[in-house]
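I open this notebook to record what I looked up, one topic at a time. The structure comes first.

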2 protein chains.
Amino acid sequence: MSEYTGYDGNSLEFLKKNQVVIGDSVKILADITYSGIIMPRYEHSDDKHIVLKLKSGYNIGLEITKIEKIEKNPTKEVIIEKDSKIEKNEKLPNILLLSTGGTIASKIDYRTGAVTPVLTAEELNSSVPELAKIANIEAKVLFSEYSENIVPEHWLKIAEEIKQYSKSDYSGIIIAHGTDTMHYTSSYLSFSLAGFPIPIALVGSQRSSDRASSDAALNLIGATKFLTECNTNGIYIVMHQDENDETIACHIGTRVRKNHTSKRGAFQTMGDDPAFLVVNNKIHNNMKTDYFSAQEFNPQIKINEKVALVKYHPGYEPSLLKNIIDSNYKAIIFEGTGLGHIGKNMYSIVKIAKEKGIFMGMTSQCIDGRVRMTVYESGRDLLNLGIIPLENMIPETALVKAMWVTGNTEKMDEIKEFMLDRIASEFSI
Amino acid sequence: MSEYTGYDGNSLEFLKKNQVVIGDSVKILADITYSGIIMPRYEHSDDKHIVLKLKSGYNIGLEITKIEKIEKNPTKEVIIEKDSKIEKNEKLPNILLLSTGGTIASKIDYRTGAVTPVLTAEELNSSVPELAKIANIEAKVLFSEYSENIVPEHWLKIAEEIKQYSKSDYSGIIIAHGTDTMHYTSSYLSFSLAGFPIPIALVGSQRSSDRASSDAALNLIGATKFLTECNTNGIYIVMHQDENDETIACHIGTRVRKNHTSKRGAFQTMGDDPAFLVVNNKIHNNMKTDYFSAQEFNPQIKINEKVALVKYHPGYEPSLLKNIIDSNYKAIIFEGTGLGHIGKNMYSIVKIAKEKGIFMGMTSQCIDGRVRMTVYESGRDLLNLGIIPLENMIPETALVKAMWVTGNTEKMDEIKEFMLDRIASEFSI
C-alpha cells in the first residue's frame, strides 16, 4: 500500500497539495468539521472525493471542492504494527484462517484505519482485536482472487489444503472468500470433504472497507464464535443476517444463495431458517439433521468440469442444448420452470442427450421449493426422457454436485444414485 | 370430459364396479364417512385413489383399498348447466377474460364440482359465482397451452389480440395463464403494449383443481376486483400473497418472479412490496410511479428471438459463449455474479461478441438488488468491454426486453438507449 493508494487525478493532487497522506489523522472543515483518518480508496468511481474514517468507525466520502481547510492533527493515531507478534493464549481454542481473496481478505480495516493487501494472523488480530479474546487465530494465505475469478481449480486447492487438518488441534477453519461465488465453493467443499470432523466457515464481506460500515469484522467475530462453540461439523457460510449488526447467520453451505447484490444480509438459506444464529455472542442452534450423512471423513477431491447449467425460458433455442451435447458434456443440470419443466420443443434434443449417456438433472429457476415432475404431463414426459428430479436442490448446488459426482464416477447408475444421495444436506427431507 | 376422466387401472375399475361416475354425489365409508362429489383427476401419479369434493369445497384423495363401501346419494347435486346464459348487468363494469391455458383455465372447479377443459364466460360465472356480482365477464379462448410450452409466438398472439381493445368498454382484461412462465409473458406485454389504457391482470393458479383448496377462484375474484377499482393501467400478475386466503397481491409485471415451485404465494415483487393488495375486498395502493413512462398507446408488437441468457458460474466454459456468438445471436444478457461480474477467463470471448456488434447487458443471478459495475476492477473491465449494466432488472425481464428491443431496431445506439429507457417500470429508480 502506498501513501496514496486509490487516489488519482484531482483527489491525489489535493492530498499532495495539503501535505497529507493515507493514515494521517486530520481535521477537515467543510459543511461541518470532521475528524478522522485518511483512508485508501478501492472504489475507482471518481477522483472527486477523499475517504475519511471517523472515530465512530464509519467511513465517509468528502467532496474535495467543498473542503475549505484540512489540517493534520498533532497526535497521529496509532497505526497497527504489522510485525507485532500476538502471544498464543493456551486457554483459548485454535482457529485456522485460510485466505483466498475477496473484499474481506484484502482490505480489512477496523478502528485503526490499517489496510493490508492480504491477511496475516497478526494483522488480523490487530485489526479485529475482539478475535484474540475468542480464539488463537493462525492465518495462511492460499491465493488472492476476487470470487468471480474463482474456478473449480481453486476449489480443489482449498479442499486439498483443508484435508490436511482433519486431525489437527484446530476447533474450526475460517475461509475468507469473496461473496460472489462463495456458495459454489461451499458446495464443492461440502461434497469433496464430506464428514470432515471440524466445522468450516466461509466468511466474506459485502462492503469494501473504504466504504462506511464494513461488515467484515463482525462476520469474522461471529464465525469465530460459531466455530468454537457450535459443537458440530459441516461447511457454513457465515454472514450478516440482515442490515443490522446484531445477528450473524450461519447457513448450510449447500442450501444457501447470495440473494442480493449489495445488502449485508445478502445470503439466505433457501426454504428454511439459517442453521445457526449468533445473536449477541450467543449461539442459537436450528439444525434439524446432521450436516453430513457420512460420519467418517473420506475425502474425494475430484472434479469433472464438463457439466452445463441450462436455464430454460420461452424462446430458448434447442440448438443451444445441441451445442452443449456436441461439446462432450457429461451432465446437464436444467433450471426448469415451476415444478421442473422445459418446453416440449426441447424433447427431441433431450432424447439425443439421453442416447449419448449424458446425465440430466432437473432443478427449478423458482429457486425455492421442490421439483415435482409427476404432477403434470410435461413432467412425466421429461421423466420418461430420463431427466432426474433433484428434489429441492438449488441449481448452483446441483451443478457443483454434478461436477463432483461425474468427477468420481462415469457409471450412469452410480451418477444417478449419488445425485440423489443426501451427502451434505443439499436437499431437505 | 368423459365420465371417468383421469382414472385408469385400479381406480377406473373401482368406479365401474361400483357403478359411479364423475359428478355423482356419493357417500363413502372408509376410516370415517365422507360425502361429496366424485371429481375427475388431472394428476397422473397413480391409479390407487379417487378424488372426492367435500361440501366444504376441499378435495380429498381416498385410497380405494381402504374404502369399505361407496353408495350414490339419492339426490344428485346440481351440476352447472353449461349453456345457461348469464344476463349482463348494465350497472356493472365489463371485464374481458382471455384464456391461454394452464391449470387455471382448464380445470376451474368451485363448489359445484364442474370441470371444463376451457373456460367460457358462462362456465366461469357458474363456477365462480362471486364474479357476476363484481363485473360482467366476457371470455374468449385464445389457445390452450401449459405455460412451459409458451413460446414468443404466443406472446405476439396475446398482444395482437389485446391491441384491439384499447378503445373498448372494458374496464380491464384478465389473461388466464399457466404460472410457470407467466412473468416472461407479462414482461413482453408490458413492453409491446406500453401505454395500453386499461389495466391487465395475468391470473393463474398454483393448485390444480382436483387437489384440495385450489387458489384459482380467489385469484380470479381478486383480479376482477382489482381491475375494476384500481384506476390505473399497467400489466400485473395477480395471485395469492401468501398461504392464507385473505390477501391477493398485484405485482408489477416486469418486477415479479415465480419464486416457489408450489406455494400459492409463489410470486414476489423483487425488492419491493406488491404494487397493489386486495385485502378483504379492499384495494391498497402501493404504486410509487406510473406503470408506463409513455402516456400514449403506441403498440410495437415485434420480436427477435436471437437473444441468449447466459448464467455465469465457476467452471462456465467460455467456448459455450463462443457457440452463441457463432449462432448469430443479436444480444446476450448475462446473469452475472454479485454486483454484475463474470470471470476474467470470459474476457477474450466477450471481446469477440463486442466486435461482432452483439448487444451485451448485465444482470445479477442474485435476482434482488442493483448491478453496479464501477465498484470493482472486474466490473470496470466489463464496462470497458462494452457490457451495459441493466440497473436492477430481473434477468428474465432483461431477456424479454432485449428480445423486444432488438426486434424493433438493429442500431446499437438505439438498442443501448432503449434498454436503459424505463418503459414499463422494469427497473426501480
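The entries below follow the order in which I looked.

**Entry 1: the model.** I noted that this is a predicted model, in which local features need pLDDT of at least 70, side-chain atom pairs count only at pLDDT 80 or more, and totals for chains, interfaces and linings use all residues. Residues are numbered from 1 along each chain as its sequence is written, and chains are lettered from A and ligands numbered from 1 in the order in which they are written.

**Entry 2: the contact between the chains.** I looked up how many residues each chain brings to the contact, where two residues are in contact if their C-beta atoms, placed from the backbone, lie within 7 Å. Chain A gives 56 residues and chain B gives 55 residues. On the side of chain A that touches chain B, at least two residues each come from strand 16 (307–311), helix 8 (318–326), helix 10 (377–384) and helix 11 (395–408) of chain A. Helices (H or I, at least four residues) and strands (E, at least two) are DSSP runs, numbered from the N terminus. Helix 8 of chain A gives the most to this side, with 4 residues. I sorted the residues of this side by class and found 19 nonpolar, 23 polar and 14 charged. Here Ala, Val, Leu, Ile, Met, Phe, Trp, Tyr, Cys and Pro count as nonpolar, Asp, Glu, Lys and Arg as charged, and the others, Gly among them, as polar.

**Entry 3: the two copies.** The same surface serves both copies, and 98% of the contact residues of chain A recur in chain B.

**Entry 4: a sheet in chain B.** I read the strand order of an open sheet of 4 strands in chain B as 16-17-18-19, with parallel pairing; two strands pair if DSSP finds at least two bridges between them. Strand 16 (307–311) and strand 19 (388–389) of chain B are the edge strands, and each pairs on one side only. Strand 18 (residues 359–364) of chain B pairs with strand 19 of chain B in the parallel sense over 2 bridges. I also noted that B:Ile388, in strand 19 of chain B, is the bridge partner of B:Gly361.
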